[in-house]
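Please look through the sequence and the structure before reading on.

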Amino acid sequence: MKKLFTDNGFYIVYDKDMGEDIGDGFYFTFCYPGYEGVALLNELIRYGISAIALDITGSHKQGIRACVALVQRDQFPDLKARLEAFHKDHPVK
């Protein structure tokens, strides 16, 4: 799921844990160039993608926290299409 996001211009906010690359778990954090957490969240909702903004988790970094646990593999094609549409509509400069 993380790769679907990074392939479409998103980047991982918390990519290290004690100096080591993070593994895949129940959630991951991401952002998109030119957006802060809440603004990105509001824009992603228009594409049918929901998550929570990092600021409500106590983070000092901007971004979004996506839960992986409830997304089934058969939903990946739909997520991919939505992320591709978002990326097309919001090209990274």
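The model is a predicted one, and the description starts with Asn8, which lies in the loop between α1 (2–6) and β1 (11–12). Asn8 is buried, its relative accessible area being 7%, and, when residues up to four places away in sequence are not counted, Asn8 touches Tyr32, Leu83, Glu84 and His87.

Pro33 belongs to another stretch, the loop between β4 (27–31) and α2 (37–45), and is partly exposed, with a relative accessible area of 34%. Leaving out residues up to four places away in sequence, Pro33 touches Gly9, Tyr11 and Val92. Although Pro33 and Phe10 are 23 residues apart along the chain, their C-alpha atoms are separated by 7.2 Å.

The cysteines raise a separate matter: how many disulfides does a search of the whole structure find? The search finds zero. For Cys31, the closest cysteine sulfur is that of Cys67, and because the two sulfurs are 19 Å apart, they are too far from each other for a bond, given that a disulfide requires cysteine sulfur atoms within 2.5 Å. Cys31 is buried, whereas Cys67 is partly exposed, as the table sets out with the values.

| Residue | Relative accessible area | Closest cysteine sulfur |
|---|---|---|
| Cys31 | 0%, buried | Cys67, 19 Å |
| Cys67 | 44%, partly exposed | Cys31, 19 Å |

Notes. Residues numbered from 1 in each chain as written. Predicted model: local features only at pLDDT ≥ 70, side-chain atom pairs only at ≥ 80, totals over all residues. Heavy atoms only, no water. Helix = DSSP H or I, 4+ residues; strand = E, 2+ residues; numbered from the N terminus. Buried < 20%, exposed > 50% of the residue type's maximum accessible area, 1.4 Å probe, protein only. Contact = heavy atoms within 4.5 Å.
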